[in-house]
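Let's take a walk through a protein model together.

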Amino acid sequence: MTIINSNLGYPRLGEHREWKHLLEHFWKGQLDNTTFHATAKKLRLANLKKQRDLGVDYIPVADNSDYDHVLDTLVAFNAIPNRFGHFDHQLDLPDYYAIARGTETAVAAEMTKWFNINYHYIVPEFDDVSFKLLDNRWLRYYQEAKQELGIDGKPVILGPVSFLKLGKRHGQYLDDAAVSELLPHLLPLYQQVFEELAAAGAKWIQLDEPTLVKTTTTAELIPYQTVLTHLHTAVPTLNIELQTYLDSLDQYDQIVTWPVQAIGLDLVHDHGENLAHLVDHGFPADKILAAGIIDGHNVWASDLQTKLALIQQLRQIVTNDQLWLQPANSLLHVPITTKNETKADPVLLGGLAFADQKLTELHTLTVAANQGVAAVQAAFDRNQTNLAALNQSSHRNNQSVRAAEAQLAHQKFERQAPFATRIKLQHERLHLPLLPTTTIGSFPQSAQVRAKRAAWRKGNLSDADYQAFLHAETKRWIKLQEDLGLDVLVHGEFERTDMVEYFGQKLTGFYATQNGWVQSYGSRGVRPPVIFGDVAYTEPITVAESVYAQSLTDQPVKGMLTAPLTIINWSFVRDDIPRAQVQNQIALALRQEVQNLEKADIKIIQVDEPALREGLPLKQRHWQAYLDEAVYSFKITTTGVQNDTQIHTHMCYSNFADIIDTIKALDADVISIETSRSHGEIISAFEQTGYDQEIGLGVYDIHSPRVPSVTEIEANIQRALRVIDAQQFWINPDCGLKTRQEPETLAALKHMVAARNAIQAQL
Ligand code: GLN
Ligand code: ZN
């Protein structure tokens, strides 16, 4: 009787991003179908073989994708929006990619975040859908693994209820009534998939129902239970692993009684709740507990001793042959291997574990649990040595950071005077017209900007030449902004690739990976920085850029920073101390940057917090703590300035009625919000709650190259002025302009200023 291990999913990108390049070459027409399929198959098999070599007992199959797993599910079941055509067979690649990427005549399907992860899935559209099984991809990949490698894999399928709940009908996410209406049409097709797999000899299927962690009422459980009862009765020989992840199950007691053979629980991101259920209520003797013990959403090596202690605790609850060890969630969301991080400090490297290292940990723990630690003593010793080295290193023991943290409890982070007083002083100092115009920070990053940066990084362009180029670009844009007649100018953010990396380069405690790519959407990868040590301020970050820009003009130039929570959200964060503590370290560092900007006579400082909403915990009961921490770190960052220094913030979303108290609590002087697509909602939120601070509602949508007309922008301004006092209102685009082209940007801004002028004349 031995404990077994199992994996839930493996990254697609390839160690050297082979998969990304495959897709992109195909899209560019540089590859024919046959070559594409042959290469994709090679990568797929290599990934499976690697997992076997790393000691995985149950290897997931069909978790691979040519783009996204939700897209795969919707094309398999013919939930294809009509605008892409009608199909009665498996889609060809061009048709498949048309849905993800759009065509001349059909807009791409929408994409949105996968739970609280920075992975974006294709949102199914269940309007006029008639389900049909076009392709049993689960069978295809199951058979391929068996035939080519002799691997009896565990097909992974997105469960029907989650599939429906992740999709929309008539523009709205499906509610329970809509799910119940569509489910009877979908369920027989899942049954067919199951039957064909069982007939082919599959023993297990991993049925992912991640939306289960969001259910709170018994009524919401009904469709899941219906599905499982039906499939179990119809195909009794195929064992079901009901897989959940990223949080705990609120209705644990009911869910564990369902007719499945294994239940996968996340014991890492569950706030301790799943483990508490197990300890307090036990686990049924007729099922396997698939225990998610390794973090699949962060990059740190596990403490093997602690994990082994957890396993021993689980063995008090279930027998050995009832226990599988697993990652807590799919490894899709971590980079592939640390072995290509050749330039990392060895002390850091020893503490890192990407997907492959995590599977090795899993194997080591399985052996330790089955045969005793002695069988893997060397691995355990190495693990303890590595973790101790990292924890005791100077990276994690910065005494001045400790001292600053110790002071926090004795400090108050409030502006000197209330908003009403501050804003008067700011108006006197800034002399801005009614309805001041500005932009959100970035200007187009042209091919030239990107080429220069790449050349500089490769060492083909000297620091001085790169600096000179950045200055020239800022100078050109200061002139353009003056010519446009904008009131508050920006330097353009040409030195930044994104909102985090540049800050990481200038603060201590950050590591920029060489190959730590994770899939963000489609072929697109991101390389989040790794925050591994204490974060401290050692040198100014953005002061030189802002000061240079300000030296070129009499108009005020806004300083431009990223707020702590956004930096945290878009990074891999050390897990040896609470996230909030890291967030506050960043805040203390940025507070110095804000003060340095002020000292350099920058009168307006914008601190962007675009990730505030997307980082909300999955369960609402954890929101308040998260939001309080966000407000606290924002205020550490922004409150160290004089009353007449104006603090702006920017957020990239439109639905925020439910967090408006938090937005107020930030106590920023001006907030700009992405709203051009849903003016109504936001305005009423402001109206209902009485918001005193100044507001810039984005007056046009920057997410498309379309140039809005003057009349259209005027109408947007007029609409806002019905509820917002003109004294309180700024005019700006709804987000940064980094991804736009220069001509359309100039044209749109020209219209924006003209619209403002027209309205100003009438007031
Ligand atoms: N200042 C940033 C920019 O303009 C803000 C980007 C964002 O909101 N995501 O690019
Ligand atoms: Zn934005």
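Just after helix 3, N78 takes up a positive phi of about 60 degrees. Keep in mind that this is a predicted model.

A62, which is not a glycine, has a positive phi of about 70 degrees. You'll find A62 in the loop between strand 2 (60-61) and helix 3. Is A62 buried or exposed? A62 has 27 other C-beta atoms within 10 Å, so it is buried. Then there's L246, whose phi is near 75 degrees, again a positive value in a residue other than glycine. L246 sits in the loop between strand 9 and helix 9 (252-255), and it counts as buried because it has 24 C-beta neighbours inside 10 Å.

Now back to helix 3 itself, which covers residues 69-76. How many of its eight residues are buried? Eight of the eight are, so helix 3 is largely enclosed by the rest of the structure. Among the buried residues are H69, D72 and T73, along with V70 and L71. And what do the buried residues of helix 3 pack against? Their partners are helix 4 (93-101), helix 5 (137-149) and helix 6 (160-165), plus strand 4 (117-122) and strand 5 (154-158).

From there, move on to strand 9, residues 239-243. Strand 9 is mostly covered, with four of its five residues buried. Strand 8 (residues 204-208) runs parallel to strand 9, and five bridges join the two. To see the pairing for yourself, find L207, which stands opposite L242 in strand 9.

One residue nearby in the numbering, I205, brings us to the nonpolar core. In soluble globular proteins, nonpolar side chains tend to be buried together. Here, the largest nonpolar core has 196 residues, and I205 is one of those with the most contacts inside it, together with Y142, L197, L289 and A291. The largest share of this core, eight residues, comes from helix 22 (residues 579-599). Which residues does I205 touch, leaving aside its neighbours within four places in sequence? The contacts are K154, P155, I157, F194, L197, L238, I240 and E241.

Zoom in on strand 20 (residues 646-651) and strand 21 (residues 670-673), which pair in the parallel sense over four bridges. At one of these, H648 has V670 in strand 21 as its bridge partner.

L666 counts as buried because it has 20 C-beta neighbours inside 10 Å; the cut-off for buried is 20 or more. Leaving aside its neighbours within four places in sequence, L666 is in contact with V631, F634 and T649. L666 and K635 are 31 residues apart in sequence, yet 6.5 Å apart in space, C-alpha to C-alpha.

There's a second open sheet to visit, this one of three strands, ordered 13-16-18 with mixed pairing. Its edges are strand 13 (510-511) and strand 18 (572-573), each with a single partner strand, so one side of each has no neighbour in the sheet. Strand 13 and strand 16 (residues 530-531) run antiparallel and are joined by two bridges. Here F510 stands opposite I531 in strand 16.

In the loop between helix 19 (501-506) and strand 13 lies T508. T508 counts as partly exposed because it has 17 C-beta neighbours inside 10 Å. Beyond its neighbours within four places in sequence, T508 is in contact with G533, D534, V535, A536 and T538.

Last stop: ligand 1. Which residues are closest to ligand 1? Of the 13 residues that surround ligand 1, the closest are I440, G441, S442, P610 and G736. The shell around ligand 1 divides into six nonpolar, four polar and three charged residues.

Key: Residues numbered from 1 in each chain as written. Chains lettered and ligands numbered in written order. Predicted model: local features only at pLDDT ≥ 70, side-chain atom pairs only at ≥ 80, totals over all residues. Pairing = 2+ DSSP bridges. Near = placed C-beta within 6 Å. Nonpolar A, V, L, I, M, F, W, Y, C, P; charged D, E, K, R; others polar. Core = buried A, V, L, I, M, F, W, Y, C linked by C-beta atoms within 7 Å. Buried ≥ 20, exposed ≤ 12 C-beta atoms within 10 Å, placed from the backbone. Contact = placed C-beta atoms within 7 Å.
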